[in-house]
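Subject: Handover of a structure and notes on its features

Dear colleague,

Please find below the structure that I am handing over to you. My notes on what was found in it follow directly after.

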Amino acid sequence: MSSSTTVGTAERPLRVAVIGSGPAGVYAADILTKSEAVKSGELTVSIDLFDRYPAPYGLIRYGVAPDHPRIKGIVNALHKVLDRGDIRFFGNVEYGTDITIDDLRSHYDAVIFATGAIKDADLNIPGIELDGSYGGADFVSWYDGHPDVSREWPLNAKEVAVIGNGNVALDVARVLSKHADDLLVTEIPENVYKGLKASPVTDVHIFGRRGPAQVKFTPLELRELSHSKDVDIVLYAEDFEFDEASDDAIQSNNQIKTMVGTLTNWIAEQPEDLSELKASRRLHLHFLHSPLEIVEDPENPGHVGGMRFERTELDGTGNARGTGEIIEYPVQAVYRAIGYFGSALPDVEFDHKRGVVVNDGGRVLDVDGQHVPGLYATGWIKRGPVGLIGHTKGDALETVTYLLADRENLPVAAEPAEDAVVSLLESRDVRFTSWEGWLALDEHEKSLGAEATAAGGSHGVAVERERVKVVPRDHMVKISRGGVQASV
Ligand code: NAP
């Protein structure tokens with residue numbers, strides 16, 4: 001942007017598009033509007049937030065487990081930002097098809113990609129393609145009522161393996177093992193309740209490839225496992241191995257210390273004879289198990305029948321090495337929860353090894369490592385799927401700081417009028433949703449919750465339901481756009 005242009009003034013604000021309305025996108029938009037330059041009146045900005053889903057909030061709506069109201073509560077903060085009215089929301093708009101990079105270039109001076117990561121990282125072991133082998137992230141999408149995921153989920157396994165020792169593994173294992181009635185207080189959609197209610201599951205096993213001091217869980221989430229009614233936690237003494245690095249971690253890291261404390265307390269309280277456990281379901285935590293192969297069920301060809309591991313031992317540095325001992329567990333389903341992976345975006349250089357947009361501190365780079373003027377990234381698509389939601393704020397601040405530092409050199413949009421992008425989407429028959437549309441859908445979902453509460457609860461269980469989620473994309477769009485009050 002040459003200094004002689006008037007971009008950034010009240011007559012011609014700096015036009016910025018943010019792609020993705022999860023925490024990363026909303027934080028970036030919010031931080032930009034609250035930047036010193038804007039607050040002092042030196043700069044005027046006009047921000048449009050796009051999302052491929054008809055509803056905002058990304059990961060919070062479609063990635064956080066329904067029985068995590070504390071984290072779901074972040075929605076209230078995001079709502080406040082978008083409800084101020086200085087950031088426009090366009091839902092149900094897919095980057096790359098409904099709106100392309102060329103469109104964004106001609107309507108905005110800068111674009112921030114905040115598309116997150118929703119896919120499962122690959123686990124390349126034999127048998128991964130068998131029926132009954134699933135991605136944890138796909139299961140999360142299902143139980144969170146993601147509009148693009150099948151509404152049916154095959155829950156017919158009695159014994160299940162969950163691979164990974166991160167918080168997603170805990171979420172997946174907790175939801176699989178919890179009794180469906182105990183989830184009725186949450187916003188779970190009807191189809192999810194019915195699916196979980198019919199599940200014959202008795203044993204869910206979580207497997208970590210390293211030791212108890214190397215888990216990637218967080219203390220609160222780990223402790224929460226013991227809150228599920230009629231689910232016993234089972235641990236195994238032979239898995240409690242600590243090397244020098246483990247001792248160092250326990251001494252120096254409070255979170256690790258707390259979690260090792262929790263785990264050792266649990267095992268100390270456990271009866272020696274496991275048959276004395278009384279719950280109808282068990283959640284087993286195993287350590288030092290490295291996944292080798294998903295075994296086919298000989299009586300049900302093409303379907304998971306077991307999970308084979310190599311037992312590992314710690315090598316002194318906190319890493320694990322194989323011992324050559326092979327252990328097999330009879331399971332009928334395997335969920336890998338070994339991390340998320342970002343998806344490539346059209347017309348943006350992508351690092352296929354790390355699953356991130358190629359960038360330097362949030363400045364998007366081209367194939368030669370040069371900053372593409374006007375393009376930025378933030379959140380998991382910038383730094384990979386690590387860290388809690390709060391970490392995303394610092395990330396957004398870094399990206400926005402670069403954007404503002406680049407202000408004088410941004411390419412100037414040819415069609416900056418706010419109406420122009422609306423006309424473009426309308427001309428393409430894109431059934432986009434708006435903030436007002438979301439408020440209508442929000443009300444609708446809350447009214448479904450109120451109806452259930454007034455009727456004395458759901459499915460014979462007396463619970464207060466704050467919300468019942470609407471799942472099909474079409475229904476979400478219809479309700480948001482003021483159409484028929486479609487049901488769930
Ligand atoms: P994560 O925290 O990175 O954990 C991944 C786990 O998978 C690790 O235990 C890792 O073991 C294991 N793993 C990776 N590759 C493996 C392989 N080939 N074989 C066996 N195990 C393997 O990932 P995540 O659970 O997807 O979570 C992503 C982020 O979201 C994290 O920051 C998490 O805290 C956050 N999150 C938070 C919540 C919450 O409730 N607060 C809920 C969900 C997610 P190694 O350590 O040995 O590599």
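**Notes on the structure**

L288 is found in the loop between strand 10 and strand 11 (289–296). Please bear in mind throughout that this is a predicted model. Although L288 is not a glycine, its phi is positive, at about 60°. Is L288 buried or exposed? With a relative accessible area of 0%, L288 lies under the 20% limit and is therefore buried.

A second residue of this kind is N92, which is not a glycine either and has a positive phi of about 65°. N92 belongs to the loop that runs between strand 3 (87–90) and helix 6 (101–107). Its relative accessibility is 13%, so N92 counts as buried. A positive phi, near 60°, is also found at D429, which follows helix 15.

Six strands form an open sheet in the order 6-14-7-8-10-9, and their pairing is parallel. Which strands stand at the edges? They are strand 6 (133–135) and strand 9 (231–235); each has a single partner strand, so one side of each is left without a neighbour in the sheet. On average, and with direction ignored, neighbouring strands of this sheet are turned by 20° against each other.

Within this sheet, strand 7 (residues 159–163) runs parallel to strand 8 (residues 203–207), and five bridges join the two. A161 has H205 of strand 8 as its bridge partner, and V162 stands opposite I206 in the same strand 8. Strand 7 also pairs with strand 14, in the parallel sense and over four bridges; there, I163 has R336 as its bridge partner. Strand 7 is mostly covered, with four of its five residues buried.

Helix 8 (residues 167–177) touches strand 7, strand 8, strand 9, strand 10 (281–286) and strand 14 (333–336). The direction of helix 8 makes about 175° with that of strand 8. Helix 12 (residues 254–269) also packs on the sheet, where it touches strand 9 and strand 10. The direction of helix 12 makes about 100° with that of strand 9.

N165 is located in the loop between strand 7 and helix 8. At a relative accessible area of 13%, N165 is buried. Which residues does N165 touch, leaving aside those up to four places away in sequence? They are I206, F207, G208, V215, K216, F217 and F287.

**Helix pairs**

Helix 8 also meets helix 7 (residues 136–143): their axes come within 10 Å and cross at roughly 55°. Helix 7 and helix 8 are therefore oblique to each other, and their crossing is left-handed. Helix 7 contributes G136, F139, V140 and Y143 to the contact, while helix 8 contributes V168, D171, V172, V175 and L176. By type, the residues of this contact of helix 7 with helix 8 are seven nonpolar, one polar and one charged.

A further pair is made by helix 1 (residues 23–33) and helix 14 (residues 391–405), which pack at an angle of about 50° with their axes 9 Å apart. Helix 1 and helix 14 are therefore oblique to each other as well, and helix 1 passes helix 14 in a right-handed crossing. On the side of helix 1, the contact is made by P23, A24, Y27, A28, I31 and L32. On the side of helix 14, T392, K393, A396, L397, V400 and L404 take part. The residues of this contact of helix 1 with helix 14 comprise 10 nonpolar, one polar and one charged.

**Helix 15**

Which residues of helix 15 (residues 418–427) are buried? They are A420, V421, V422, L424 and L425. The buried residues of helix 15 pack against strand 1 (14–19), strand 2 (45–50), strand 3 and helix 6. Strand 3 and helix 6 are the elements on either side of the loop that holds N92.

Yours sincerely,

A colleague

Key
Residues are numbered from 1 along each chain as its sequence is written. This is a predicted model: local features need pLDDT of at least 70, side-chain atom pairs count only at pLDDT 80 or more; totals for chains, interfaces and linings use all residues. Side-chain values use heavy atoms; hydrogens and water are left out. Two strands pair if DSSP finds at least two bridges between them. Axes are lines fitted to C-alpha atoms, for helices over the stretch in contact, and angles run from 0 to 180 degrees between N-to-C directions. Contact means heavy atoms within 4.5 Å. Angles under 35 degrees count as roughly parallel, over 145 as roughly antiparallel, 65 to 115 as roughly perpendicular and the rest as oblique. A crossing is left-handed if the near helix is turned anticlockwise from the far one by less than a right angle, and right-handed if clockwise. Ala, Val, Leu, Ile, Met, Phe, Trp, Tyr, Cys and Pro count as nonpolar, Asp, Glu, Lys and Arg as charged, and the others, Gly among them, as polar. Buried means under 20% relative accessible area, exposed over 50%, partly exposed in between (1.4 Å probe, protein chains only).
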